[in-house]
Amino acid sequence: MRKYELLAASAIALFAAMPAMAQTTPPAAPTPAPTASDDYSSDVIVTATKREQTLQDVPISVAVTGAETIEKARIVDLIDLQSVVPSLKVTQFQSAGQTNFTIRGFGNGNGNDGIESSVGVFIDGVYRSRSAAALDDLPEIERIEVLRGPQSTLFGKNVSAGAINIITKRPEFEWHGKAEVTVGNYGQINPKGTITGPISDSLAFRVSGSINERNGYFNNVVTGRDVNERNRWSIRGDILFQPSSDFSLRLIADYNVIKEVCCGAETVFNGPATLAIAAIGFKINDTTKTFDRNLVYNTNPNNRLVGKGISGQIDWNVGIGKLTSITAYRDQVNQTTLDVDFTGADISNLVSANHIKTFTQELRLASDNDGPFSWLIGGFYDHENLTTGRDIRYGKDTRAYINALTSGAVTQLETLQSLVNPTILPGRTYFQQGQGIADNYAMKQTSYSIFGQLDYKITDRLTITAGGAYLNDRKAAQSFVVLQDPFSSLNLQNVPELGFLPLTILNPAAPAGAKIPTNLFGALGAVQFFYGNAPTHGPVNYPNATETGILKADKFTYAGRVAYDFGPVNAYVSYSTGWKAGAFNLSSDSRPPDANGVGRSAAPENVTVYEAGLKAKFHGGYFNLAVFKQTIKGFQSNAFTGLGFNLVNAGAESVRGFEVDAAYRPIPWLSLTGAVTYLDPKYDSFTGAACVDYDTVQCPVNPATGLRPNFRDLTGKKPAGIPTWSASTSATITHRFGNGWGFYLRGEYDYTSNTQLTETTPPQYSTWGQSQINASFAIQDTNDQLELMFWARNLNNDKFLLATFPTVAQSGSYSGYPNEPRTYGFTVRKSF
């Protein structure tokens, strides 16, 4: 209840202060810039190039979602945003903080803290360095811009695939506010509110807060607890000091907490290993009832995320242009506990946590646009301290599972070893409860960029643009890995105790003097879950004598565009490059560079894009088209292999495609929108893809070791996770009765064609598409600024998987994350 009390106390204090504050007559509020709405006749202002331009004039592919659409479509967070921007995909995985952003099919960074996303998220100009730091429910939004394609020239940090630019509403010098409460199925309650007003003639404030609670839509049949709940709250304060039209200072502080039982995964195929768990008496998933959403975790998955930050932005007209400074500090803590074997047996449990502290500073100067030349120069600095770790431990049922899986071979090995080594106790040495791995790392990162852009209007209609950026990145990592699994530590190709024992113990007919081969149990390498394929059979921590633990790189990126204004149609062609720095593999799959396995790190990504576009505006609507070919050399592939990550560079990955965004109001009471994305991707070169169980041709099991090769060749294949077609369309009917009363009815259809979700899972289990209908209906009283909205998301209850992966410690089994079922409810909204 504390969060309710905090928000209520803040609201009471603010409302109580209103009469006193209202005695000060504020200056007239500036006319707000037009934003994306159902009124397609007005120009939409965007800041995609870090200066204000209309959506139709900006010569890049950008999708804009305004406050009106966000409310009518019930977009609560960035996961919901993808329903109106088909080229954006946002997927939540094993925990609330493990979320991946992709644009045009490119994006990575989920799960492995050593690799950053290729899609940068910026909120009021502040870079959110990790996906978890961007997952809070959206505050009071002015608009959201999704910039497609590399943005390294102006945004600098980790935007090689694109950027999400979120702009919130500023404090105002007139009293305004809004309060709303949403009630929905699964016990949802979601109150939120904002209030803004003057403190003096030059000082204004805004305070916003929200609570989002909901029961889970999964049922854990083992514990009786529901899973995939919502339990989060946030508060945000915003101060604007504006003594004149030439100077403003904006300070923002925010704090948010997510404490949820999440996230549910269902086994979609039970291989022999999982069936062995059932054979010894434990519950497993019924794969014919994936969307019944009944889980069989022996413990509940718990998540706790706490994010907080403060930022300050100065805008100052210094005569030759506007000087902008944005300074920010953010602190993010994520903690997760999870039953990672996803069965009713107590086999494998995970505790993970990270702590990320980030300081950023941006400084830029933009010309005042007088004359044919306009320019922008600036710099960006980022420093981050990261500590991250995971603790994976065997449970009390692990040994019984291993005995069933190996037909008692592990016990036989222990027994033979004990004849020579008395410290080996049969049945009590290997796969004991509490054994496992402590997988901990620390990383410091410093990066900066210096950027600039010049626009030259050759004529009133023809403009050329050139821009460039120098980017520099340095990462220093340390590993503190401790392997506490004696079985994984064994060299099964040479178990010394076996060489002292006569072979007649196993075969009485064996020749006299023959010894048991020291590699007799080599095939048990299949159940060496940690470092089984490493020569040392254990971690090699770094820095060390041969490894500095430092990655350093720099790059100059550039972009050039030519735009021509034909009147009702603007056209442009462009060539741009992007870059993302190298990454460390902060997981137990990390190996020294000279070892026979996955290396420590991945090299930088280099991106090139050729793009041409048309932007047409006509009475009642607009039509935007972008055609592109995008190539990433050294794409950082981050495949989850069951207990770790295979982080390698693909030689080259490319995608050709087009994007269409359109809106039209044929008659005053009907508004139509549509967006389509077509993608044709290919691995131009990828010889180091992670080997998988189901590819028996390229990844056969070595019967002597029980292991597969590390890599396979996917050159020429279609990358997984990139749908060929994505589309979103909506229709909104609006009617006014008179006397301020009216209603609107909005319907939305979202479509994604079938695609294999991941290369680590067989296509027959991982190929899914989606076809969802969302709807809302609202009655409005504009005189009293009151609205009652009824809404539904996934109205048709479409069922699909968001992602799939190899089931942990169960070779040949596969699991996936089912989508959210139909949700519905109503929202009461009051503005003043």
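User: Against which elements do the buried residues of helix 7 pack?

Analyst: This is a predicted model, so keep that in mind throughout. The buried residues of helix 7 pack against helix 6 and helix 8 (486-489).

User: Which residues of helix 7 are buried?

Analyst: Ala409, Val410, Leu413, Glu414, Leu416 and Gln417. They span an arc of only 165° around the axis, so they sit on the same side of helix 7.

User: How do I read the packing of two helices?

Analyst: Two packed helices are described by the angle between their axes and the distance between the axes. Here, helix 6 (residues 398-406) and helix 7 (residues 409-418) pack at an angle of about 100°. Their axes are 7 Å apart. Helix 6 and helix 7 are therefore roughly perpendicular to each other.

User: Which residues make that contact?

Analyst: Helix 6 contributes Arg399, Ile402, Asn403 and Thr406. Helix 7 contributes Ala409, Val410, Thr411 and Glu414. By class, the residues of this contact divide into 3 nonpolar, 3 polar and 2 charged.

User: Now helix 5. Which of its residues are buried, and which are exposed on the face turned away?

Analyst: Helix 5 covers residues 272-279, and its buried residues are Ala273, Thr274, Ala276 and Ile277. They cover an arc of only 150° around the axis, which puts them on the same side of helix 5. The face turned away from that buried side carries the exposed residues Pro272 and Ala279.

User: What do the buried residues of helix 5 pack against, and what follows the helix?

Analyst: They pack against helix 6. Helix 6 also packs with helix 7. After helix 5 comes glycine 281, with a positive phi near 100°.

User: How many bridges join strand 8 to strand 9?

Analyst: There are 7 bridges between strand 8 (residues 141-148) and strand 9 (residues 162-168). These two strands run antiparallel. For a specific pair, take valine 146: its bridge partner in strand 9 is isoleucine 164.

User: In which sense do strand 13 and strand 18 run, parallel or antiparallel?

Analyst: They run parallel, and 2 bridges join them. Strand 13 covers residues 218-220. Asparagine 219 stands opposite asparagine 294 in strand 18.

User: How do I read a hairpin? Take strand 40 and strand 41. How many residues lie between the strands?

Analyst: Look at the pairing, then at the turn. Strand 40 (residues 767-781) and strand 41 (residues 786-793) pair in the antiparallel sense over 7 bridges. In strand 41, alanine 792 is the bridge partner of alanine 775. The hairpin has 4 residues between the strands. There, glutamine 785 takes a positive phi near 50°.

User: How many bridges join strand 41 to strand 44?

Analyst: The count is 8, and the strands run antiparallel. Strand 44 spans residues 823-831. Leucine 786 has lysine 830 as its bridge partner in strand 44.

User: Last, single residues. Is threonine 463 buried or exposed?

Analyst: Compare its relative accessibility with the cut-off: under 20% is buried. Threonine 463 has 18% relative accessibility, so it counts as buried. Its place is in strand 24 (residues 462-479). Leaving aside residues up to four places away in sequence, threonine 463 touches Asp455, Tyr456, Lys457, Arg561, Val562 and Ala563.

User: And alanine 602: where is it, and what does it touch?

Analyst: Alanine 602 lies in strand 29 (residues 601-602). At 2% relative accessibility, alanine 602 counts as buried. With residues up to four places away in sequence left out, alanine 602 touches Gly582, Ala583, Gln636, Leu647 and Asn649.

User: What separates the C-alpha atoms of alanine 602 and asparagine 507?

Analyst: They are separated by 49 Å. Along the chain, the two residues are 95 residues apart.

Notes: Residues numbered from 1 in each chain as written. Predicted model: local features only at pLDDT ≥ 70, side-chain atom pairs only at ≥ 80, totals over all residues. Heavy atoms only, no water. Axes fitted to C-alpha atoms, helices over the stretch in contact; angles between N-to-C directions. Parallel < 35°, antiparallel > 145°, perpendicular 65-115°, else oblique. Contact = heavy atoms within 4.5 Å. Nonpolar A, V, L, I, M, F, W, Y, C, P; charged D, E, K, R; others polar. Buried < 20%, exposed > 50% of the residue type's maximum accessible area, 1.4 Å probe, protein only. Arc of directions from axis to C-beta. Pairing = 2+ DSSP bridges.
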